[in-house]
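Take a walk through this structure, one part at a time.

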Number of protein chains: 2
Amino acid sequence: MTSVRYDRQSIIDRTLGLLDDVGLPDLSMRRLATELDVQPSALYWHFESKQELLGAVADRILLTVPDPDDRTPLMRTATAVRDALLAYRDGAEVVLSTYALRLGARRAQDALLASLGGEPEDADAADAIFEFILGHAMLLQQRMHAHSIGAVAADAADPTAQAEAIFTAGIRAFEAVSGLRHPS
Amino acid sequence: MTSVRYDRQSIIDRTLGLLDDVGLPDLSMRRLATELDVQPSALYWHFESKQELLGAVADRILLTVPDPDDRTPLMRTATAVRDALLAYRDGAEVVLSTYALRLGARRAQDALLASLGGEPEDADAADAIFEFILGHAMLLQQRMHAHSIGAVAADAADPTAQAEAIFTAGIRAFEAVSGLRHPS
DNA sequence: ACCTGAACACCGTTCAAGT
DNA sequence: ACCTGAACACCGTTCAAGT
């Protein structure tokens with residue numbers, strides 16, 4: 001009967017797993033505690049609040065975004081950010097809803113800025129691109145869920161199909177602007 | 001002691017008011033019921049669920065967006081959509097989180113498409129713009145709240161300042177693309 | 001038609017106390 | 001240092017019953 005011990009890292013891992021299984025609305029501290037075979041109050045030794053835990057989860061989600069590199073084309077970096085958000089169920093909402101206090105989000109913005117050429121004058125554009133990707137990914141995951149529970153009109157097509165075209169249209173617009181300003 | 005009666009419309013109005021007062025995290029069916037001097041269960045005669053009520057609120061938030069008009073410049077329409085989302089506390093999150101099942105969201109997309117010229121080939125771009133505005137507004141409201149409770153670094157400036165520049169950078173990118181395709 | 005009352009199965013969080 | 005046990009103040013939702 002050796003009692004299991006957890007550190008922040010392992011709790012974050014298990015939270016991500018549970019998130020993928022049940023989705024954000026059903027991700028409760030009590031349910032996570034049950035999953036870890038621990039009392040709910042035990043979690044509060046490691047994290048100050050649910051918010052702080054979700055913030056750490058958000059940082060982890062964005063950790064797979066590659067390091068900034070000004071030779072990576074914008075479309076590639078943007079796709080990497082999007083895919084990081086889509087890798088876990090409700091990932092975009094987790095990042096979006098804990099964003100304000102996040103430091104880890106800078107990682108994504110830095111990568112996008114590097115892909116734009118790294119000029120400080122493009123910082124606003126990089127932020128705008130990140131905001132577009134976040135909105136896009138959250139809406140897509142919303143629709144995927146609505147589609148999976150059949151809460152949507154029967155004529156509704158698979159949401160991922162059109163999403164790709166919208167994503168491309170969005171990123172291309174930013175590419176164009178960046179290309180105009182820095183003609184190669 | 002005449003008992004007050006409510007219809008969906010008046011409940012939606014009061015919900016919007018309560019949302020503005022307490023924010024989405026504290027907007028509960030029980031609290032709303034107390035506000036209306038009614039039992040919580042009474043709300044379920046008018047609305048199937050909290051989700052459905054919030055969906056109706058989301059539709060109402062977007063109702064102030066002007067009717068589609070292809071003579072309205074994109075920046076003007078985009079600003080109208082953004083301002084509708086910012087008009088109530090956590091408005092962007094309410095719209096974003098109930099979007100999938102919404103019909104009312106088409107209103108905003110239609111207005112944006114009209115401002116792009118109304119060509120069907122620009123539908124993806126119009127959707128992308130809407131996604132950008134949603135992401136932008138939600139992030140901004142997040143930051144505004146974090147700023148107001150002082151949950152953010154002391155060196156952090158007022159979030160609305162930079163937001164305007166980011167918003168402009170985003171919409172301009174889409175303007176440019178539309179301009180390239182339909183030269184006047 | 002519209003609402004009350006009571007219940008069911010949950011929440012996040014705190015805090016003394018244990019080991 | 002790390003966790004338990006018990007409590008506090010809440011949730012969304014259902015449903016019989018009232019008017």
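This is a predicted model: local features need pLDDT of at least 70, side-chain atom pairs count only at pLDDT 80 or more; totals for chains, interfaces and linings use all residues.

Now try the cut-off on B:Asp37. B:Asp37 has 9 other C-beta atoms within 10 Å, so B:Asp37 is exposed. This residue sits in the loop between H2 and H3 of chain B. Its backbone stands out too. B:Asp37 has a positive phi of about 60°, although it is not a glycine.

A:Asp90 is not a glycine either, and its phi is positive at about 60°. Is A:Asp90 buried or exposed? With 23 other C-beta atoms within 10 Å, A:Asp90 is buried. Its place is the loop between helix H5 (74–86) and helix H6 (91–98) of chain A.

One more residue is worth a stop. B:Arg5 lies in the segment before helix H1 (8–22) of chain B. B:Arg5 has 7 C-beta neighbours inside 10 Å, so it counts as exposed. From B:Arg5 to B:Ala100 the sequence separation is 95 residues. In space, their C-alpha atoms are 31 Å apart.

Next, look at chain A as a whole. Chain A has 9 helices and 0 strands. Read from the N terminus, its elements run α-α-α-α-α-α-α-α-α. The C-alpha trace of chain A spans about 65 × 45 × 25 Å along its principal axes. Of the 184 residues in chain A, 41% are buried. Take the contacts in chain A between residues at least 6 apart in sequence: 68% of them join residues at least 24 apart.

Which helix residues lie inside? Turn to H6 of chain A. 8 of the 8 residues of H6(A) are buried, so this helix is largely enclosed by the rest of the structure. The buried residues of H6(A) are A:Gly91, A:Ala92, A:Glu93, A:Val94, A:Val95, A:Leu96, A:Ser97 and A:Thr98. What covers the buried residues of H6(A)? The cover includes H4, H5 and helix H8 (123–148) of chain A, together with H8 of chain B.

Setting aside neighbours within four places in sequence, A:Val95 is in contact with A:Ala58, A:Ile61, A:Leu62, A:Leu85 and A:Leu134. In soluble globular proteins, nonpolar side chains tend to be buried together. The largest nonpolar core in this model has 102 residues. A:Val95, A:Leu112 and A:Ile129 are among those with the most contacts inside that core. From chain B, B:Val95, B:Leu112 and B:Ile129 belong to that group as well.

Now bring the two chains together. 31 residues of chain B are in contact with 31 residues of chain A. On the side of chain B that touches chain A, helix H8 (123–148) and helix H9 (159–181) of chain B each supply at least two residues. H8(B) gives the most, with 15 residues. By class, this side of chain B has 21 nonpolar, 5 polar and 5 charged residues.

How are the copies related? Two copies of a chain are related by a rotation about an axis and a shift along it. Here chain B can be laid on chain A by a turn of 180° and a shift of 0.0 Å along the axis, with an RMSD of 0.0 Å. That is the relation of a two-fold axis. The interface fits this picture. 100% of the interface residues of chain B are also interface residues in chain A, so the copies meet through the same surface.

Which residues come nearest to DNA strand D? Of the 18 residues around DNA strand D, they are A:Gln39, A:Ser41, B:Ser28, B:Ser41 and B:Lys50. Helix H3 (40–46) of chain A supplies at least two residues of the surface near DNA strand D, as does each of helix H2 (29–36), helix H3 (40–46) and helix H4 (50–61) of chain B. That surface has 7 nonpolar, 7 polar and 4 charged residues.

DNA strand C has 18 residues around it, and those that come nearest are A:Ser28, A:Ser41, A:Lys50, B:Gln39 and B:Ser41. For the surface near DNA strand C, H2, H3 and H4 of chain A and H3 of chain B each supply at least two residues. By class, the surface near DNA strand C has 7 nonpolar, 7 polar and 4 charged residues.

Definitions and conventions:
Residues are numbered from 1 along each chain as its sequence is written. Chains are lettered from A and ligands numbered from 1 in the order in which they are written. Two residues are in contact if their C-beta atoms, placed from the backbone, lie within 7 Å. Helices (H or I, at least four residues) and strands (E, at least two) are DSSP runs, numbered from the N terminus. Ala, Val, Leu, Ile, Met, Phe, Trp, Tyr, Cys and Pro count as nonpolar, Asp, Glu, Lys and Arg as charged, and the others, Gly among them, as polar. A residue is near a molecule or strand if its C-beta atom, placed from the backbone, lies within 6 Å of it. Copies are superposed by least squares on the C-alpha atoms of residues with pLDDT of at least 70 in both. A nonpolar core is a set of buried Ala, Val, Leu, Ile, Met, Phe, Trp, Tyr and Cys residues joined through C-beta atoms within 7 Å. A residue is buried if 20 or more other C-beta atoms lie within 10 Å of its own, exposed if 12 or fewer, and partly exposed in between; C-beta atoms are placed from the backbone.
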